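Here's a quick briefing on a fold, from the overall layout down to a few packed residues. Take a look at the model, then work through the notes below.

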Amino acid sequence: MNRWLAPRRRVRRVVDLDPRSLVDRGIRAVVFDLDNTLLPYSAKELEPAILQWFEAFRAAGLRGAVVSNAFFGRAGRAAEHLGLMIVRGAPKPNPMRLRRAMARLETRPDQTAVIGDQLFTDMLPGNVLGMYTILVDPLAPGEFISTRLMRILEWIAGRRDGDSFPGPHGR
Ligand SMILES: [Mg+2]
């Protein structure tokens, strides 16, 4: 897989991640993708498991922001519900959005993780900026057409190589 697309770490879902393991490696804040990472594309409400996970997230002393290309209606409400800072601006995968998120979180790239379900819109800009990139499996299959197109590009880029993402960073 292309080194700019390869995540530094991969988990099935956000809730499979131990927030303390992020703190242990020097991470102070996390920038989250919303659609299909925290909230299934088809859902309006956050799962109780996600709400519970964010309690552990805050207890670990981490701060969070959310970037999304769609902050109308359900997405904005979900971000507010989680008490996350909302970062708007140039649409992903433009790295300026992540840069703005870090400015507001007051963290450097090496202190900031980005968690998302897509290689091109989440992993690529995070890797370009030197952030700690974490890829999750998408929560639900229903997606925008443009997202489907991204999936095809990801397939071409070799996401279907298998479960391991050796990349340049190791695991
Ligand atoms: Mg997403």
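A residue counts as buried if 20 or more other C-beta atoms lie within 10 Å of its own, as exposed if 12 or fewer do, and as partly exposed in between, with C-beta atoms placed from the backbone. Val30 has 26 C-beta neighbours inside 10 Å, so Val30 is buried. Keep in mind that this is a predicted model: local features need pLDDT of at least 70, side-chain atom pairs count only at pLDDT 80 or more, and totals for chains, interfaces and linings use all residues. Residues are numbered from 1 along each chain as its sequence is written.

**Overall layout**

- The protein has 6 helices and 6 strands; these are DSSP runs numbered from the N terminus, with helices being H or I of at least four residues and strands E of at least two.
- Along the sequence, the pattern goes β-α-β-α-β-α-β-α-β-α-β-α.
- Of the 171 residues, 37% count as buried.
- Take the contacts with a separation of 6 or more: 71% of them join residues 24 or more positions apart, where a contact means C-beta atoms, placed from the backbone, that lie within 7 Å.

**The sheet**

- The 6 strands make an open sheet with parallel pairing, in the order β1-β6-β5-β2-β3-β4; two strands pair if DSSP finds at least two bridges between them.
- On the β1 side, β1 and β6 pair in the parallel sense over 2 bridges, and Arg10 has Leu135 in β6 as its bridge partner.

**Strand β3 and its partners**

- Why is strand β3 largely enclosed by the rest of the structure? Because 4 of the 5 residues of β3 (residues 63–67) are buried.
- β3 pairs in the parallel sense with strand β2 (residues 29–33) over 5 bridges, and Asp33 has Val67 in β3 as its bridge partner.
- To get from β2 to β3, the chain goes through helix α2 (residues 48–59), and this β-α-β crossover is right-handed; that is, with the strands pointing away from the viewer, the path from the first strand over the helix to the second runs clockwise.
- β3 also pairs with strand β4 (residues 85–87), in the parallel sense over 3 bridges, with Ala65 opposite Met85 in β4.

**The core**

- The largest nonpolar core has 40 residues, and among those with the most contacts inside it are Val30, Ala65 and Ala101. Such a core is a set of buried Ala, Val, Leu, Ile, Met, Phe, Trp, Tyr and Cys residues joined through C-beta atoms within 7 Å.
- Elements that each supply at least two residues of this core include β2, β3, α4 (95–105) and β5 (112–116).
- Val30 is found in strand β2, and leaving aside neighbours within four places in sequence, Val30 is in contact with Leu22, Leu62, Gly64, Ala113 and Ile115.
- Val30 and Ala65 are 35 residues apart in sequence but 6.5 Å apart in space, C-alpha to C-alpha.

**Helix α4**

- Which residues of α4 are buried? They are Arg97, Leu98, Ala101, Met102 and Leu105.
- These residues cover an arc of only 140° around the axis, so they sit on the same side of α4; the arc is that of the directions from the helix axis to the C-beta atoms.
- The buried residues of α4 pack against β2, β3, β4, β5 and α5.
- After α4 comes Glu106, whose phi is positive, near 60°.

Notes. Two residues are in contact if their C-beta atoms, placed from the backbone, lie within 7 Å.
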